[in-house]
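Dear colleague,

I am passing on the structure below, and after it I set out what was found when its atoms were examined. Please read the notes with the structure open beside them.

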Amino acid sequence: MVELAANDVELEARAGYEEWNAALAHRFFAADRAGELVYLDKDDEAFARVCSDVGVDADEADDSLANAIRAKLFWKDSGRAAFAEFDRVTSLWLARRRDALASAEQVPPPPHIALLTLFSLAAERIGGANTNTGAVESSYYSTLEGLLCIPANESGRFRTSFTKSSEAYWESLSLWLEDLDGHRGLPSAYALMHRYVGLPISQALVRARERRNLKKMFEEQGFVAGMTVSHTDMYGAIDVWINSARTSANAALIKMWVSPELKSRIVEIALAEFATWEGAALTGAGKKTPGQTSGRCLLTLRDGRVMLRSELRFGLMVGGSSVVGETCHVEGLNGAAREFTLEALGIGSTGFDFRAVGIDAGSAINGDLRIVVGDGKGLRRFPKKVVILTRDAFSAGYIESDRINAAALSRILVKDEAQLVSSVEKILNDAAQPGYSRTHGGTAGVPQGWTVFTDVILLRAPAPALVTANDLSAFQPRLSTQMTVTGGLKLPGHVPRWSALSPIRVMIASESEEPVDVVLLTRNLETLQTEELVIHRGLAVPAVVDLEELPGDCKDFTLSLRRGKTILQNLAVKLRSSLEPSPDVTERFRSLCHDLEDPVWPMKCVASEDAVVPGLDGLALSAPSVPYRSRAVASRPNWAGNGRMGLGGQLLVVAGPPENSCIVTGHHRFDFPAFDGKRPKSSWMYGVCTLCGMSKRQPTSGRKSAPVNEIPTRRTRHALPELSAAGPSWSALIDSLFFLGAGSRREFSTLARQIEDTAIFENQLLRDLEALSIIELQRNDELDVTRWESAATCFGELADGSWILTGFWNRQLKGEAIEALEAAGATISVNAPTRQSLLVVNNILHGKIASIAEELGVDLVPNASTALSSALPALSSVGEGLVRCGMPFSESYEYFNPPSASWMTAETAGLPGLYRVSRSFSSRYFFRSAQDVADGVAAMVTVELGKHLAGLAANRPLIAYDPAEATLSVPVGAELPGIYGRAAVMGDGGLPQIQRADRSTTYFNVPLAAAEAIIGKLTS
């Protein structure tokens, strides 16, 4: 290795390489960087703390770090490569990483962080010295060699070794951060167009101020958070933005954009920043420029249900700096008004649902909607005849967009005017993926006079002859050629990952039909070098690429979309399953259990270390039987109501636009970017109407457009590809839960909304998985679910003597169990594969399955239904143990009537029972006993628990049991809450089913002893 000069010995002694590496890993990649791109930037405050940690003054830091690294290098006379020592520790780290992943432990930091920091310091020196000419390779190498005092006769060997090994060092850092799912930051070193020196330059080229500036550009150019953007499309957006005479780009970015060498690198950084951008709502208001949406009100569309029917719910997202709980005032016709508070709508934004606040949706969509928020801040939404609504990953709904985004799931709201709906349909037939659907006005929540097209995915730009009217200008997308992952089951987290059990496809949308190549890039896990394989050459586009038949065991790979030698886009794909649990799964687990000391234990879990009397985890029960008094109930459902109620009060009608407005006359004033001197090379630019905000595209140059009556011949060359409508399977969902082990409510929502995108389904799925003993749920005092965790691994005996596998059965453990059971002569089937996908074991003696359970280390629970029901407490004790709060004021309440199992209006909340207070995006339920009414308080409850408490208070049980059929029935919407439901489900091992004829939900094969216990405890 290199010998240090005498004057460097003191610095090396004070801060060795390992100290530098540990300090940099600790400070730069801390928990507060979760989900953020982390740059090895000397200007970062973390670097100053690192200097303090290693005991080096800031002005000596560069020399100290360089000396520590130089001590690890090899000279020519050693016969080894310059970076041989770093190559050796790379191999050791990779071996440690494999061991850690195999045992589901956290991977230690890689040993290259200090080295990569020096690589970045060299790039910083170049970037600051000459931004006009760019950081060319020769200047970068000379600067790095200067920092490390590399002799001239060693330069060639040094550069060769750098080229051979440096990418692997960056890859190791990326691997580590991805293994941690971005909880300590995300990798920021990307080099789509330039290798080797492009990686360190990506750390230094664009500083923190410029990165903030780029996020402003995303907003001004109308990007939608979460969408896929190709290198070409991002280049075009930056090009137009920077060259505009009114650009908000700062001087440094404008100066760098002059250099052809730097442009592609700036685009790479912008793409990385965009991947973590959470939308305009978080950036705050800035200078308004064409295309900017800050401060506007945007239409929203969400899926909902009324009883057993699905419906579309319209609302408004409020822009600017509005906050949750702020007062919102809306004016209507004839002096009428509505005043209410804003609610959370996704991350960092607020809004409201029209129906929930008493506003007529049709007039709000068609009208000139003006609102006043807080202390007088006025906001406005202009009506449009064609509204594009794009799926928003952060609000689980669809948000109004200025224009349609290619390869993104969208919905189109169209005014029922002569020829307009027909024109939109022609556009979709020409350019959208087949399979979209149409909902007419007056049905499923769509207002009269409007039509909604759902499941719309645009795969190419429509023919110019089809987009002639200003009202159709929203169908001019920002599109070159780009890939988007579709289908499958995307896992929650900071790093994009998908379930290995749910097939994914890649959709390639394109403005032209010029063929492309799709190249598979994989990482050699021994050398970390990239290996390439062309999987499609000369592919006609638009296209859908099925990824089910990839060569080898491809779990982590990148798809590279290329046209000739030009890289259009790189798309990283990571497939995961419970065979290799998440590396942080042990930290996620809190060993949730039900604490018998808590009177509300059938509804709540706590960490086992916090439990006074741990009594239940999954089916693993250690609780005494609780006596009860038997009560006879009807054998058939006897609730007579229809469960519905009409909306109370008159809906607020919003005034329409003035007769002379551009919305009515069609005379828009489009404001396009103006250019001083040199025009951008991009083909298109986008402007907005200064009067109503409508977006329109036009060429940046003066070139002539194709004649409006000419449809290019490419339209007839091949049909657009169709996609399967099949969604993620239950087996993939459950396996994904086992891969994660545990998580937050938001993480669960990410999975659930991919199966059905409604809040009602998400809540139902939580209850179903809890009832099946697959997961345990942690709830707060308001009984809102805050976390979930895989339940204890169990064999549970069903009423017919078979055994069901519940709780945490990852793929490896399940495989071992199946092998042992089949060897014992058992038969194994899948219970309801499309809805539950749990294994059921038959034809096995009790002694044999007990022996297998002991060998595998899992719990065996005989007579699971009866055992659970015997341990349940009386429902009255659960009600008494609920936390009380003040009863909220409302202009009107909905009161649950147990005899009819339906809701009715109430002006006050003065009676004992269950009350519903509607909000924009959800409802709150409050139970009041007679004592609560006297005390002026209430208990927040789930709707299911509240209904049964109301039935108990009214002495009107909401339950029926037929001994001959062994069926237990409750009204729809009054499913058995918490562990009461689990006890009933474990009779049959199957979820209850809705019987539409009598509006009941029926549990099957519930043993008589279990049914009597459940009924006795729900009625006492």
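Two strands are taken to pair if DSSP finds at least two bridges between them. Within this pair, Tyr686 stands opposite Arg697 of strand 29. Both strands belong to an open sheet of 3 strands in the order 27-28-29, with antiparallel pairing, and its edges are strand 27 (670-671) and strand 29 (695-699), each of which pairs on one side only.

Before going further, please note that this is a predicted model, in which local features need pLDDT of at least 70 and side-chain atom pairs count only at pLDDT 80 or more, while totals for chains, interfaces and linings use all residues. Residues are numbered from 1 along each chain as its sequence is written, and side-chain values use heavy atoms, with hydrogens and water left out.

A second open sheet has 4 strands in the order 4-3-7-8, and its pairing is antiparallel. Its edge strands are strand 4 (337-341) and strand 8 (377-381), each pairing on one side only. Between strand 7 (residues 369-373) and strand 8, which run antiparallel, there are 5 bridges, and Arg370 stands opposite Arg380 in strand 8.

As for the protein chain overall, there are 28 helices and 47 strands, and buried residues make up 56% of its 1020 residues; buried means under 20% relative accessible area, exposed means over 50%, and partly exposed is in between, with a 1.4 Å probe and protein chains only. Of the contacts in the chain with a separation of 6 or more, 67% are between residues 24 or more positions apart, a contact being heavy atoms within 4.5 Å.

The largest nonpolar core has 96 residues, and those with the most contacts inside it include Phe748, Trp809 and Leu945; a nonpolar core is a set of buried Ala, Val, Leu, Ile, Met, Phe, Trp, Tyr and Cys residues joined through side-chain atoms within 4.5 Å. Helix 18 (residues 730-740) gives the most to this core, with 8 residues. Apart from this core lies another, of 91 residues, among them Tyr17, Ile150, Leu177 and Phe218. Leaving aside neighbours within four places in sequence, Leu945 is in contact with Met603, Leu783, Leu875, Val878, Leu882 and Pro977.

Which residues of helix 4 are buried? They are Ala61, Asp62, Ser64, Leu65, Ala66, Asn67, Ala68, Ile69 and Arg70. Because 9 of the 10 residues of helix 4 (residues 61-70) are buried, this helix is largely enclosed by the rest of the structure.

Ser502 is found in the loop between strand 16 (497-499) and strand 17 (504-510), and at 6% relative accessibility Ser502 counts as buried. Its contacts, once neighbours within four places in sequence are left aside, are Gly488, Leu489, Pro728 and Ala732.

Turning to charged pairs, a search of the whole structure finds 43 salt bridges, each defined as a side-chain nitrogen of Lys or Arg within 4 Å of a carboxyl oxygen of Asp or Glu. The side chains of Glu532 and Arg562 meet in one of them (3.2 Å, N to O). This pair links distant parts of the chain, with Glu532 in strand 19 (residues 530-539) and Arg562 in strand 21 (residues 556-563), 30 residues apart. Glu532 counts as exposed at 54% relative accessibility, whereas Arg562 is buried, with a relative accessible area of 16%.

Another salt bridge brings together the side chains of Arg576 and Asp556 (2.5 Å, N to O). Here, too, distant parts of the chain are linked, with Arg576 in strand 22 (residues 566-576) and Asp556 in strand 21, 20 residues apart. Arg576 is buried, with a relative accessible area of 17%, while Asp556, at 24% relative accessibility, counts as partly exposed. Finally, salt bridges that share partners join Arg391, Arg745, Arg753, Asp757 and Glu762 into one network.

With best wishes

How values were computed: Helices (H or I, at least four residues) and strands (E, at least two) are DSSP runs, numbered from the N terminus.
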